[in-house]
Amino acid sequence: MTNVIINASKYIILLMMILYAISCYTAFRKVDEKEKTAKLNKQIIYVFVMHFLAYLTFALRNVEQMKTIVIFYGLQIFVATMYMYLYHYIYPYSSRVIANNMCFLLLIGYIMLTRLNFALAKKQFIIATASLVLVSVIPTIMDRNKNLRKYGTVYGVLGIVALSSVFVIGVEQYGSVNWISLFGITIQPSEFVKILFVFFIASMLSKSRDFKQVMITTAFACVHMGVLVLEKDLGGALIFFVIFICMIYVGTGKIAYLITFIAGGVAMAGLAFLLFKDRLFDHVMVRVNVWKNPWADIRGTGYQITQSLFAIGSGGYFGSGLTKGSPDVIPVSESDFIFSAIAEEFGVIFAIFLILVCFSCFISFVTIAMHVRNRFYKTMAFGFAICYMFQTFLSIGGVTKFIPSTGVTIPLVSYGGSSVLSSLIMFSIMQGISTIENKEAKKIEEERRNIEQAAQGA
Amino acid sequence: MKKKEETLNKPRKGRKKKEIDQRLLTPEQRAFLEKEEKIDKINNKMNGPIIGITYLVAFLVIGLIAYILHFMIVEKDEVIANAANTRLDSYAADVNRGDIVTKDGKTVATNKNGKRYYPYDNLFAHAVGYSDYTKAGVELVGNYYLMDSHANLLERAVNTLREEQNEGDTVVTTLNYELQQTAYDALGGADGAVVMMEPDTGRILAMVSKPDFDPNDIDTVWQEANAEGSTSSVLLNRATQGLYPPGSTFKVLTALTYMRQYPRKYEKYSYNCSQTEAIFNSVSVHCYGRKTHGQQDLSEALANSCNQAFADIGTQLNVNKWKDTLESFLFNQSLPYMDASATSRFTLDGKSDKGYIPQTAFGQGDTLITPLHNAMIVSTIANGGLMMKPYLIDSVENYKGKRVKKFSPSSYDTLMTSDEVDTLTGYMRKVVTQGTAADYFAGASYEAAGKTGTAEYANGEHDFSWFIGFTSVDHPEVAVSIVVEESDVNGVKATAIARKLFDTYYSISE
């Protein structure tokens with residue numbers, strides 16, 4: 001009987017995923033508030049069904065721990081429900097689409113982590129829940145402080161200092177020195193500096209967009225990236241670079257900057273490669289070679305990626321079924337390689353729809369960026385949109401061997417305190433921008449209506 | 001996704017403008033509207049880059065999804081069948097490991113009393129392998145298929161509901177029972193390896209390695225082989241992983257290299273082997289058994305396996321180009337073979353001490369080769385210069401015998417011109433009709449060609465006996481590569497094994 005339930009769950013979970021992903025896209029189209037609300041409520045149902053079946057599977061497969069699993073499940077549902085319903089009441093101008101997606105991604109992450117390592121799942125849940133409470137004040141802060149755009153250089157300097165802190169109190173993980181240890185907790189500063197960096201560029205460009213200002217901004221950005229390169233965090237440097245060029249382009253509207261900076265970036269990378277080939281780039285070369293042919297050294301350098309491909313391939317389109325694969329064989333399957341773990345057990349179709357959900361998340365960020373008319377918020381919103389999507393792309397592309405692996409996590413899904421907290425901050429800032437934008441839009445709308453009435457009344 | 005972009009470009013409902021009669025408005029209201037209009041205009045302009053980049057991102061995401069689908073449709077099967085994919089073992093709970101059978105229908109691996117059972121004991125030890133402790137042979141390379149089930153859907157659904165195991169698929173090997181038995185018996189108590197394959201397909205018909213073991217007793221064998229201080233190499237498949245000096249079989253490649261470097265001169269090549277010893281690059285060289293062969297052209301030098309003539313040829317070769325030729329024949333390269341195989345070695349280049357050249361030219365020196373690799377080289381000559389990738393799995397059937405997958409021959413590369421092939425084939429035919437193999441092939445009903453070899457090792461105290469060859473000259477049918485260790489002690493000659501194998505091949509195909 002257990003087997004029947006587990007097998008049936010597999011297909012129902014997939015169905016729910018497909019329905020959810022589709023509704024992510026159709027939710028944009030309907031403008032009728034009522035219909036939209038109904039759609040968003042349905043989304044919550046899809047998520048809950050999926051989540052319930054996953055935990056049912058865990059409970060059935062692990063009867064001894066059933067009680068812990070049930071309690072853990074209950075807590076998750078409680079927090080998610082509270083969040084999805086309450087957040088909207090506290091912040092009526094916030095985006096429900098984003099709130100739903102945020103919970104969805106977190107819950108998918110919890111499910112996979114429970115599967116891979118129960119202790120990590122619990123830790124992730126505690127960190128994420130605490131973070132949720134913490135970051136819920138962000139929209140209020142943003143709404144009340146319209147001066148945030150004035151501190152451009154402060155963000156820049158702070159960011160550089162925080163990034164450089166690893167040289168003083170850094171610890172090495174996975175071949176890069178980009179973690180610091182504070183009071184016994186390891187933190188990855190670049191996760192948070194990313195946010196400061198977006199603030200920094202948005203703020204600089206909101207002040208002025210002349211050549212001098214752009215050059216000052218570029219100088220700061222180069223220092224950021226330079227520090228990351230010195231830390232051997234080339235994936236991080238790449239993300240910063242992409243955020244930088246996209247934001248400069250959107251902020252100034254000049255495609256010449258985009259082209260120049262891409263050319264400049266390539267030239268710099270080439271130069272750095274020639275100069276520091278041995279010191280900085282040997283592990284880059286290893287990664288590129290592994291990407292080109294992981295099969296040459298299956299047991300050594302190619303181990304991660306080949307295990308990841310075995311996982312994705314062995315799972316097939318419909319997946320092995322939750323708890324029935326062996327995603328734990330993939331190294332760091334709980335963070336960098338979580339996509340492969342998901343693909344193995346939930347199936348490739350599920351995984352592709354997950355990519356589509358992530359993309360819809362990006363689109364909802366972009367929508368906010370397009371609607372908000374203040375240059376500071378607009379540039380910033382788009383910066384976060386790119387930051388989110390590019391990171392997701394690097395992570396998924398890396399583990400599927402589409403591009404060389406850069407050791408990046410999928411926001412909210414992968415395990416990692418720094419990653420979850422910084423992603424939640426990012427999502428909350430987007431909610432803040434959404435709130436500001438919606439409020440303003442409403443005000444203008446009212447004003448316009450008054451004028452219309454006045455015009456008709458006369 | 002397309003629709004998505006369209007909705008992005010649509011103006012929001014809230015901001016739709018109605019025509020308003022400007023004259024009815026107060027100056028403040030007019031100013032407000034004008035300002036709003038201006039802001040909207042700037043906003044639209046600023047959204048241009050956003051839309052552009054968003055399209056680019058959409059393009060990347062579509063690329064990623066397309067790539068994943070491509071992986072699933074085109075590459076997946078080959079990837080997950082990789083022997084290093086250990087996760088297949090986790091499927092063991094759901095699938096009853098399938099059988100392994102020979103092409104002629106003998107079951108060589110099955111399950112009995114919940115254990116893996118090998119009905120022919122030692123006979124297929126290395127070729128079929130074993131599946132406990134670690135996996136080897138067909139058990140390893142066919143693991144994915146053995147653990148997959150293509151029993152009919154309904155049956156599988158019922159089994160899943162009952163929580164019973166599904167029947168795994170049967171792997172049909174390319175091996176032939178009769179030929180395997182012949183090779184096994186012919187090698188007898190001697191250590192060494194035999195590989196027999198079809199030159200035009202790469203299908204391996206027989207693969208024997210000795211010393212051997214009984215895979216039914218893998219528990220004991222494994223423990224003994226892995227005991228501390230154990231030097232046992234019984235688990236090593238010498239056919240694919242044994243590295244031997246190629247001895248005189250290497251002269252075939254030396255001759256080919258000479259032909260390539262002296263295309264106009266090689267037919268007129270001549271060497272007078274009149275003394276038991278001669279000096280080349282200040283190294284003294286003698287022929288096997290200290291014989292003298294007299295005046296030799298290239299074909300005679302090969303037929304009689306004249307070391308002095310080949311030492312002389314060696315001194316005339318451009319060593320770097322020689323190395324290039326050999327590397328094109330997969331020396332110092334991994335073999336295109338599904339299972340683990342050792343890499344053959346050729347170490348000379350332009351910078352090497354010239355004193356190594358003479359010995360290397362006739363197959364001594366530091367050169368090492370696996371029997372499988374030698375089989376591939378001789379097959380390339382037999383197959384008109386086209387090297388085929390050797391393989392061991394013919395097809396996969398479900399447990400009821402319905403075919404679910406068929407493996408086709410695939411070629412590696414064309415390594416020789418047809419002129420080169422014709423010339424070398426002529427020389428190798430001479431080896432069998434008049435040369436060192438003539439005694440062994442007297443009265444054969446088929447036309448064979450080949451090259452014998454005797455490699456010295458342990459400072460010349462012991463001999464390895466080699467034979468590589470094929471039949472039939474005009475229409476290649478089968479090729480062999482055989483090596484026998486310590487043939488001077490056990491008296492087993494590789495050429496004699498080849499004769500037996502060819503005879504059996506023709507007796508069963510009649």
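**Figure 1. Helix α7 of chain B and its cover.** In this predicted model, helix α7 of chain B spans residues 177-187, and its buried residues are Leu179(B), Gln180(B), Thr182(B), Ala183(B), Tyr184(B), Ala186(B) and Leu187(B). The elements that cover these buried residues include β7, β8, β19 and α18 of chain B. After α7(B) comes Gly188(B), with a positive phi near 55°.

**Figure 2. The five-stranded open sheet of chain B.** The strands of this sheet follow the order β8-β7-β19-β18-β17 in chain B, and they pair in the antiparallel sense. At the edges stand β8 (204-210) and β17 (448-457) of chain B; each has a single partner strand, so one side of each is left without a neighbour in the sheet. From one strand to the next, the twist averages 5°. Helix α18 of chain B, residues 494-509, lies across β7 (192-197), β17, β18 and β19 of chain B. The helix runs at about 150° to β19(B).

**Figure 3. Strand β19 of chain B and its two partners.** Strand β18 (residues 462-471) of chain B runs antiparallel to strand β19 (residues 478-484) of chain B, and seven bridges join the two. Trp466(B) has Val483(B) as its bridge partner in β19(B), and Thr471(B) has Val478(B). β7(B) also pairs with β19(B) in the antiparallel sense, over six bridges. Here the bridge partner of Val195(B) is Ser481(B) in β19(B).

**Figure 4. The two faces of strand β19 of chain B.** In a regular strand, side chains alternate between the two faces of the sheet. From β19(B), Val478(B), Val480(B), Ile482(B) and Val484(B) point one way, while Ala479(B), Ser481(B) and Val483(B) point the other way. Seven of the seven residues of β19(B) are buried, so the strand is largely enclosed by the rest of the structure.

**Figure 5. The six-stranded open sheet of chain B.** Mixed pairing holds this sheet of chain B, whose strands are ordered β4-β3-β2-β6-β14-β15. β4 (115-117) and β15 (403-406) of chain B are at the edges with a single partner strand each, so one side of each is left without a neighbour in the sheet. Within the sheet, strand β6 (residues 170-173) and strand β14 (residues 393-397) of chain B are antiparallel and share four bridges. Val172(B) has Ser395(B) in β14(B) as its bridge partner.

**Figure 6. The domains of chain B and the contact between domains 2 and 3.** The domain assignment of chain B gives domain 1 (2-6 + 24-80), domain 2 (86-174) and domain 3 (180-218 + 225-392 + 411-509). Taken over C-alpha atoms, the centres of domain 2 and domain 3 of chain B are separated by 36 Å. Domain 2 of chain B gives 17 residues to the contact and domain 3 of chain B gives 20 residues. On the side of domain 2 of chain B that touches domain 3 of chain B, α3 (125-128) and α4 (137-141) of chain B each supply at least two residues. The residues on this side of domain 2 of chain B are 11 nonpolar, four polar and two charged.

**Figure 7. Thr86 of chain B.** Thr86(B) sits in the loop between α2 and β1 (95-96) of chain B. Thr86(B) counts as partly exposed because it has 14 C-beta neighbours inside 10 Å. Lys135(B) is 49 residues apart from Thr86(B) along the chain, and their C-alpha atoms are separated by 9.8 Å.

**Figure 8. The side of chain B that touches chain A.** Contacts between the chains involve 45 residues of chain B and 51 residues of chain A. On the chain B side, α1 (2-9), α2 (27-80) and α6 (153-162) are the elements that give two or more residues. α2(B) gives the largest share, 26 residues. This side of chain B divides into 24 nonpolar, 11 polar and 10 charged residues.

**Figure 9. Chain A as a whole.** Chain A has 17 helices and three strands. Its C-alpha atoms fill a box of roughly 70 × 70 × 40 Å along the principal axes. The radius of gyration of chain A is 23 Å, which agrees with the value near 23 Å that a compact globule of 458 residues would have. Of the 458 residues in chain A, 53% are buried. Among contacts in chain A between residues at least 6 apart in sequence, 69% join residues at least 24 apart.

Conventions. Residues are numbered from 1 along each chain as its sequence is written. Chains are lettered from A and ligands numbered from 1 in the order in which they are written. This is a predicted model: local features need pLDDT of at least 70, side-chain atom pairs count only at pLDDT 80 or more; totals for chains, interfaces and linings use all residues. Two strands pair if DSSP finds at least two bridges between them. Axes are lines fitted to C-alpha atoms, for helices over the stretch in contact, and angles run from 0 to 180 degrees between N-to-C directions. Two residues are in contact if their C-beta atoms, placed from the backbone, lie within 7 Å. The radius of gyration is taken over C-alpha atoms; the globule rule is 2.2 Å times the number of residues to the power 0.38. A residue is buried if 20 or more other C-beta atoms lie within 10 Å of its own, exposed if 12 or fewer, and partly exposed in between; C-beta atoms are placed from the backbone. Ala, Val, Leu, Ile, Met, Phe, Trp, Tyr, Cys and Pro count as nonpolar, Asp, Glu, Lys and Arg as charged, and the others, Gly among them, as polar. Domain bounds come from an automatic or database domain assignment.
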